[in-house]
Amino acid sequence: MMIEQGAMKAGPGLAMLHSIPMFAGVPDAQLEAIARVTQHRKAPRHAAIVRAGDHTDSLYVIVSGSAKVLNSDADGREVIITLLGPGEFFGEMGLIDGSPRSADVVANEPCELLVIGKADFKRCLADNFDLCLNIMKSLVQRLREADRKIESLALMDVYGRVAKLLLEYSQLENGVRVVRRKLTKQDMAKMIGASREMVSRVMKDLEGSGYIRVEDGRILLNDD
Ligand code: CMP
(Lines give C-alpha, C1' and ligand atoms only; values in the text may rest on other atoms or scores of the structure.)
Protein backbone atom coordinates (compact mmCIF):
# COMPACT_ATOMS: atom_id res chain seq x y z
CA MET A 1 0.00 0.00 0.00
CA MET A 2 1.55 3.33 -1.02
CA ILE A 3 0.67 6.65 0.62
CA GLU A 4 -2.20 8.35 -1.06
CA GLN A 5 -1.66 11.49 -3.09
CA GLY A 6 -5.16 12.51 -2.02
CA ALA A 7 -4.00 12.65 1.56
CA MET A 8 -1.74 15.63 0.75
CA LYS A 9 -2.48 18.93 2.50
CA ALA A 10 -1.06 22.45 2.43
CA GLY A 11 2.46 23.06 3.78
CA PRO A 12 3.43 23.38 7.46
CA GLY A 13 3.49 26.49 9.65
CA LEU A 14 6.71 27.97 11.02
CA ALA A 15 5.98 26.61 14.52
CA MET A 16 5.97 23.06 13.17
CA LEU A 17 9.28 23.56 11.33
CA HIS A 18 10.84 25.07 14.47
CA SER A 19 10.04 21.87 16.39
CA ILE A 20 12.06 19.71 13.96
CA PRO A 21 15.75 19.18 14.92
CA MET A 22 16.85 19.19 11.25
CA PHE A 23 15.83 22.86 11.01
CA ALA A 24 17.53 24.00 14.26
CA GLY A 25 19.38 27.27 13.73
CA VAL A 26 17.80 27.95 10.32
CA PRO A 27 16.64 31.61 10.27
CA ASP A 28 12.91 32.32 10.03
CA ALA A 29 13.16 33.87 6.56
CA GLN A 30 14.70 30.66 5.23
CA LEU A 31 12.23 28.50 7.16
CA GLU A 32 9.43 30.43 5.46
CA ALA A 33 10.99 29.61 2.08
CA ILE A 34 11.19 25.92 3.12
CA ALA A 35 7.55 26.00 4.30
CA ARG A 36 6.48 27.25 0.86
CA VAL A 37 7.99 24.21 -0.90
CA THR A 38 6.97 21.64 1.72
CA GLN A 39 3.90 19.44 1.45
CA HIS A 40 2.02 17.78 4.26
CA ARG A 41 0.94 14.13 3.83
CA LYS A 42 -0.58 11.36 5.88
CA ALA A 43 0.34 7.68 5.63
CA PRO A 44 -1.86 5.00 7.21
CA ARG A 45 -0.29 2.19 9.28
CA HIS A 46 1.59 -0.35 7.08
CA ALA A 47 1.73 2.02 4.08
CA ALA A 48 4.98 1.79 2.11
CA ILE A 49 6.21 5.38 1.98
CA VAL A 50 9.30 4.59 -0.06
CA ARG A 51 10.43 1.33 -1.62
CA ALA A 52 13.96 -0.04 -2.00
CA GLY A 53 15.20 0.36 -5.57
CA ASP A 54 12.80 3.17 -6.47
CA HIS A 55 13.90 6.36 -8.14
CA THR A 56 14.44 9.07 -5.50
CA ASP A 57 12.43 12.25 -5.69
CA SER A 58 11.70 13.51 -2.15
CA LEU A 59 12.89 13.90 1.42
CA TYR A 60 10.44 13.05 4.23
CA VAL A 61 10.25 14.37 7.80
CA ILE A 62 8.09 12.56 10.37
CA VAL A 63 5.86 14.99 12.25
CA SER A 64 3.96 12.31 14.18
CA GLY A 65 3.87 8.52 14.20
CA SER A 66 6.78 6.20 13.45
CA ALA A 67 8.21 4.29 10.51
CA LYS A 68 10.35 1.18 10.02
CA VAL A 69 13.35 1.23 7.70
CA LEU A 70 13.70 -2.31 6.41
CA ASN A 71 15.17 -4.56 3.75
CA SER A 72 13.93 -7.95 2.60
CA ASP A 73 15.31 -10.80 0.51
CA ALA A 74 13.65 -12.69 -2.37
CA ASP A 75 12.00 -15.10 0.14
CA GLY A 76 10.37 -12.19 1.97
CA ARG A 77 12.61 -12.43 5.03
CA GLU A 78 13.01 -8.98 6.56
CA VAL A 79 15.62 -7.14 8.55
CA ILE A 80 14.56 -3.94 10.31
CA ILE A 81 17.44 -1.50 10.05
CA THR A 82 15.94 1.08 12.39
CA LEU A 83 12.76 2.70 13.66
CA LEU A 84 12.29 6.43 13.06
CA GLY A 85 9.99 8.69 15.04
CA PRO A 86 8.77 12.30 15.27
CA GLY A 87 11.33 14.89 14.16
CA GLU A 88 13.44 12.37 12.25
CA PHE A 89 13.85 12.38 8.46
CA PHE A 90 14.42 9.80 5.73
CA GLY A 91 14.98 9.66 1.99
CA GLU A 92 18.09 11.86 2.14
CA MET A 93 20.51 9.17 0.93
CA GLY A 94 19.13 8.90 -2.58
CA LEU A 95 18.82 12.67 -2.85
CA ILE A 96 22.43 13.21 -1.81
CA ASP A 97 24.16 10.56 -3.96
CA GLY A 98 21.60 10.08 -6.75
CA SER A 99 21.25 6.31 -6.11
CA PRO A 100 17.91 4.48 -5.92
CA ARG A 101 16.26 4.07 -2.50
CA SER A 102 18.46 1.91 -0.25
CA ALA A 103 15.58 0.46 1.81
CA ASP A 104 11.81 0.29 2.25
CA VAL A 105 10.31 2.76 4.71
CA VAL A 106 6.93 1.59 6.04
CA ALA A 107 4.56 3.37 8.45
CA ASN A 108 4.68 1.53 11.79
CA GLU A 109 1.69 3.58 12.97
CA PRO A 110 -0.30 6.31 11.20
CA CYS A 111 2.20 8.98 10.16
CA GLU A 112 2.00 12.67 9.46
CA LEU A 113 4.82 13.64 7.12
CA LEU A 114 6.41 16.70 5.58
CA VAL A 115 7.64 16.11 2.03
CA ILE A 116 10.26 18.22 0.24
CA GLY A 117 11.00 17.58 -3.47
CA LYS A 118 14.53 16.85 -4.67
CA ALA A 119 15.21 20.17 -6.44
CA ASP A 120 13.77 22.18 -3.51
CA PHE A 121 15.77 20.15 -0.99
CA LYS A 122 19.02 20.77 -2.90
CA ARG A 123 18.22 24.47 -3.08
CA CYS A 124 17.54 24.53 0.70
CA LEU A 125 20.90 22.83 1.32
CA ALA A 126 22.72 25.33 -0.88
CA ASP A 127 21.11 28.24 1.00
CA ASN A 128 21.46 26.92 4.60
CA PHE A 129 24.74 25.90 6.18
CA ASP A 130 22.92 25.03 9.45
CA LEU A 131 20.64 22.64 7.58
CA CYS A 132 23.69 20.94 5.95
CA LEU A 133 25.38 20.65 9.33
CA ASN A 134 22.25 19.20 11.00
CA ILE A 135 21.92 16.59 8.25
CA MET A 136 25.63 15.73 8.50
CA LYS A 137 25.27 15.30 12.27
CA SER A 138 22.33 12.93 11.77
CA LEU A 139 24.29 10.93 9.19
CA VAL A 140 27.23 10.64 11.61
CA GLN A 141 24.84 9.52 14.36
CA ARG A 142 23.35 6.87 12.03
CA LEU A 143 26.86 5.65 11.16
CA ARG A 144 27.69 5.38 14.86
CA GLU A 145 24.48 3.40 15.45
CA ALA A 146 25.29 1.11 12.51
CA ASP A 147 28.82 0.55 13.95
CA ARG A 148 27.31 -0.37 17.33
CA LYS A 149 24.86 -2.73 15.64
CA ILE A 150 27.65 -4.53 13.72
CA GLU A 151 29.54 -4.87 16.99
CA SER A 152 26.55 -6.35 18.85
CA LEU A 153 25.71 -8.74 16.00
CA ALA A 154 29.30 -10.00 15.94
CA LEU A 155 30.06 -10.06 19.65
CA MET A 156 26.85 -10.42 21.69
CA ASP A 157 24.50 -13.30 22.32
CA VAL A 158 20.73 -12.80 21.94
CA TYR A 159 20.36 -11.77 25.63
CA GLY A 160 22.91 -9.02 25.14
CA ARG A 161 21.34 -7.87 21.87
CA VAL A 162 17.83 -7.70 23.37
CA ALA A 163 19.09 -5.79 26.42
CA LYS A 164 21.03 -3.37 24.22
CA LEU A 165 18.04 -2.79 21.93
CA LEU A 166 15.76 -2.03 24.89
CA LEU A 167 18.31 0.41 26.31
CA GLU A 168 18.77 2.10 22.93
CA TYR A 169 15.04 2.63 22.42
CA SER A 170 14.34 3.77 25.98
CA GLN A 171 14.32 7.19 27.52
CA LEU A 172 14.02 8.52 31.06
CA GLU A 173 10.47 9.35 32.16
CA ASN A 174 10.19 10.51 35.79
CA GLY A 175 13.38 8.65 36.69
CA VAL A 176 12.34 5.39 34.97
CA ARG A 177 13.72 4.17 31.62
CA VAL A 178 10.76 3.48 29.33
CA VAL A 179 10.88 2.05 25.80
CA ARG A 180 9.45 4.92 23.79
CA ARG A 181 8.64 3.17 20.50
CA LYS A 182 6.02 0.52 19.82
CA LEU A 183 8.18 -2.63 19.61
CA THR A 184 6.60 -6.01 18.94
CA LYS A 185 8.62 -9.17 19.61
CA GLN A 186 8.51 -9.89 15.88
CA ASP A 187 10.00 -6.46 15.13
CA MET A 188 12.64 -6.90 17.82
CA ALA A 189 13.60 -10.24 16.27
CA LYS A 190 13.96 -8.59 12.86
CA MET A 191 16.12 -5.88 14.38
CA ILE A 192 18.62 -8.14 16.11
CA GLY A 193 18.78 -11.13 13.76
CA ALA A 194 17.06 -13.64 16.06
CA SER A 195 13.84 -15.67 15.95
CA ARG A 196 10.62 -14.32 17.49
CA GLU A 197 10.52 -17.38 19.78
CA MET A 198 14.03 -16.64 21.08
CA VAL A 199 13.15 -12.98 21.72
CA SER A 200 10.01 -14.09 23.62
CA ARG A 201 12.10 -16.44 25.76
CA VAL A 202 14.70 -13.77 26.54
CA MET A 203 12.00 -11.18 27.38
CA LYS A 204 10.32 -13.68 29.71
CA ASP A 205 13.67 -14.36 31.43
CA LEU A 206 14.43 -10.64 31.76
CA GLU A 207 10.97 -10.09 33.26
CA GLY A 208 11.29 -13.13 35.57
CA SER A 209 14.68 -11.88 36.79
CA GLY A 210 13.26 -8.41 37.50
CA TYR A 211 15.30 -6.56 34.85
CA ILE A 212 12.20 -5.36 32.98
CA ARG A 213 8.47 -5.07 33.61
CA VAL A 214 5.57 -4.52 31.25
CA GLU A 215 2.88 -1.99 32.25
CA ASP A 216 -0.03 -0.98 29.98
CA GLY A 217 1.81 -2.56 27.03
CA ARG A 218 4.92 -0.45 27.70
CA ILE A 219 8.30 -1.94 28.58
CA LEU A 220 9.95 -0.40 31.66
CA LEU A 221 13.60 -1.09 32.50
CA ASN A 222 14.51 -1.60 36.14
CA ASP A 223 17.60 0.25 37.38
CA ASP A 224 19.51 -2.51 39.17
P1 CMP B 1 16.99 6.50 0.79
O2 CMP B 1 18.07 5.52 0.42
O3 CMP B 1 16.75 7.61 -0.15
O4 CMP B 1 15.63 5.70 1.05
C5 CMP B 1 15.58 4.79 2.16
C6 CMP B 1 15.93 5.56 3.41
O7 CMP B 1 16.04 4.80 4.60
C8 CMP B 1 17.33 6.19 3.28
O9 CMP B 1 17.36 7.13 2.22
C10 CMP B 1 17.54 6.69 4.68
O11 CMP B 1 16.81 7.89 4.88
C12 CMP B 1 16.85 5.57 5.49
N13 CMP B 1 17.92 4.72 6.05
C14 CMP B 1 18.67 3.80 5.42
N15 CMP B 1 19.57 3.25 6.27
C16 CMP B 1 19.39 3.86 7.47
C17 CMP B 1 19.99 3.73 8.76
N18 CMP B 1 20.98 2.86 8.99
N19 CMP B 1 19.55 4.53 9.75
C20 CMP B 1 18.51 5.40 9.55
N21 CMP B 1 17.90 5.55 8.35
C22 CMP B 1 18.33 4.80 7.33
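**A buried glutamate, the ligand and a sheet**

Modeller: Glu-92 counts as buried, at 2% relative accessibility; buried is under 20% relative accessible area, exposed over 50% and partly exposed in between, with a 1.4 Å probe and protein chains only.

Colleague: Before we go on, what should I know about the model itself?

Modeller: This is a predicted model, so local features need pLDDT of at least 70 and side-chain atom pairs count only at pLDDT 80 or more, while totals for chains, interfaces and linings use all residues. Residues are numbered from 1 along each chain as its sequence is written, and side-chain values use heavy atoms, with hydrogens and water left out.

Colleague: OK, which helix is Glu-92 in? And what does Glu-92 touch?

Modeller: Glu-92 belongs to helix H3, residues 92–97; helices are DSSP runs of H or I with at least four residues, strands are E runs of at least two, and both are numbered from the N terminus. Leaving out residues up to four places away in sequence, Glu-92 touches Leu-59, Leu-139 and Arg-142, where contact means heavy atoms within 4.5 Å.

Colleague: Switching to the ligand, which residues come nearest?

Modeller: There are 14 residues around the ligand, and Gly-91, Glu-92, Gly-94, Arg-101 and Ser-102 come nearest. Being near takes one heavy atom within 4 Å.

Colleague: What are the distances to ligand oxygens for Gly-91, Gly-94 and Arg-101?

Modeller: A polar backbone atom of Gly-91 is 2.8 Å from a ligand oxygen, and a backbone N or O atom of Gly-94 lies 3.0 Å from one. For Arg-101, a side-chain N or O atom is 2.8 Å from an oxygen of the ligand.

Colleague: How much of the ligand's area does the protein cover?

Modeller: The protein covers 91% of the 460 Å² of accessible area that the ligand has on its own, by the Shrake-Rupley method with a 1.4 Å probe.

Colleague: New topic: what's the strand order in the four-strand sheet?

Modeller: S9-S10-S12-S11, an open sheet with antiparallel pairing; two strands pair if DSSP finds at least two bridges between them. S9 (170–173) and S11 (212–215) are at the edges with a single partner strand each, so one side of each has no neighbour in the sheet.

Key:
A polar contact is a pair of N or O atoms within 3.5 Å; within protein, one must be able to donate a hydrogen and the other to accept it, and residues adjacent in sequence count only if both atoms are side-chain atoms.
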